[in-house]
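Subject: A structure for you to explore

Hi there,

Here is the structure I promised to pass on. Please open it beside this email and follow along as you read.

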Amino acid sequence: MAKLLTGKEVVAAMRDDVAARVEALRAHGVVPTLACVRVGERPDDLSYERSATKRAEELGIAVRSFALPADAPESELADVIRSVNEDASIHGCLMFRPLPPHIDETRICDMLAPEKDIDGISRASLAGVFTGSGHGFPPATAQACLEMLDHYGISVEGKHVVVVGRSLVIGRPVAMMLLARNASVTICHSRTEDLPELMRLADVVVCATGRARAFGASCFRAGQVVLDVGINFDKAGKLCGDVDFDAACAALGEAGAVTPVPRGLGSVTTSVTMAHVVRAAEERAAN
């Protein structure tokens, strides 16, 4: 049985650090505040908003919600983003995506001020990730992968990492962040030839395709570390990842390690979001 890399321990360690920083800010009259912007009522958006709000309240971070109907015009959402940018009491903004098809998502994302873009959704923020400048915030899920590796003492320096998925939400950003840590990174996708063979060659595999249980025993070998970023529902409506968990555990063996879904990277992603809000508040307070 492979070792389980669960999020609970990572979240606990991050909670202590973030809570102390929130307390220090509040002692100086600064209340870290998160804006949640949502268009429509997608069940996954509502679920994440509830979990983010709960985590924020536990840490002493204030939350302000901006909810628009699914058919709201783009101009109305643009007005909300402008108000968030102009409100000095709001330090970070979490906008749920994908947006409805009638809205130009790239344009709206790029409207968000980089200093408040705590989930790395704008091209300005992503530029910081891709250039390694350190400016802005990386996508929270990509950062969560690194937090997981760090907590369990897994170094990627000099290692071969295969990232399966090339989206700007996770695949490409996490690849750049791993490259910055001196990993040798291969980005794979749906058109990659001999994908299972490439995955087996890796020391670390990051699965981020959004395809339920797409990767089974043939994709893994003993001793690998597997980070399953997928949040999917199978035909029975059960929450699962991109990895066929039981098959992967058998292939990885006792020397391997894998993140389960649920209880893996999802909770760490929420904690990273909160840490980014606090960092944004600290940076504003320092200026």
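Which helices each supply at least two residues of the lining of the second largest pocket? They are H5, H6 and helix H7 (171-179).

Before the rest, a word on the source. This is a predicted model, in which local features need pLDDT of at least 70 and side-chain atom pairs count only at pLDDT 80 or more, while totals for chains, interfaces and linings use all residues. Residues are numbered from 1 along each chain as its sequence is written, and side-chain values use heavy atoms, with hydrogens and water left out.

Let's stay with that pocket. A pocket is an open set of points on a 1 Å grid over the protein atoms alone, with protein on both sides within 12 Å along at least five of seven lines; a cavity is a set of points where a 1.4 Å probe fits but cannot get out, and lining residues have an atom within 4 Å of a point. Grid points are joined across faces, edges and corners, and a volume is the space filled by probe spheres set on the points. The second largest pocket holds about 240 Å³. Of its 17 lining residues, Gly128, Val129, Gly132, Met177 and Ala180 are the closest to the centre. H5 contributes the most to this lining, with 4 residues.

The largest pocket holds about 1,500 Å³. It is lined by 49 residues, and Tyr48, Arg97, Thr141, Val169 and Ile231 are the closest to its centre. Elements that give two or more residues to this lining include helix H2 (43-59) and helix H10 (265-286).

There is also 1 cavity of 30 Å³ or more in the whole structure, and the largest cavity has a volume of about 40 Å³. Among the residues lining the largest cavity are Val11, Arg15 and Met274. H1 gives the most to that lining, with 4 residues.

Now the sheet. Helices (H or I, at least four residues) and strands (E, at least two) are DSSP runs, numbered from the N terminus, and two strands pair if DSSP finds at least two bridges between them. Here 6 strands form an open sheet with parallel pairing, in the order S1-S11-S8-S7-S5-S6. Strand S1 (3-4) and strand S6 (184-188) are the edges, each pairing on one side only. Inside the order, strand S7 (residues 204-207) is joined to strand S8 (residues 225-228) by 4 bridges, and Val205 stands opposite Val226 in S8.

Enjoy exploring!
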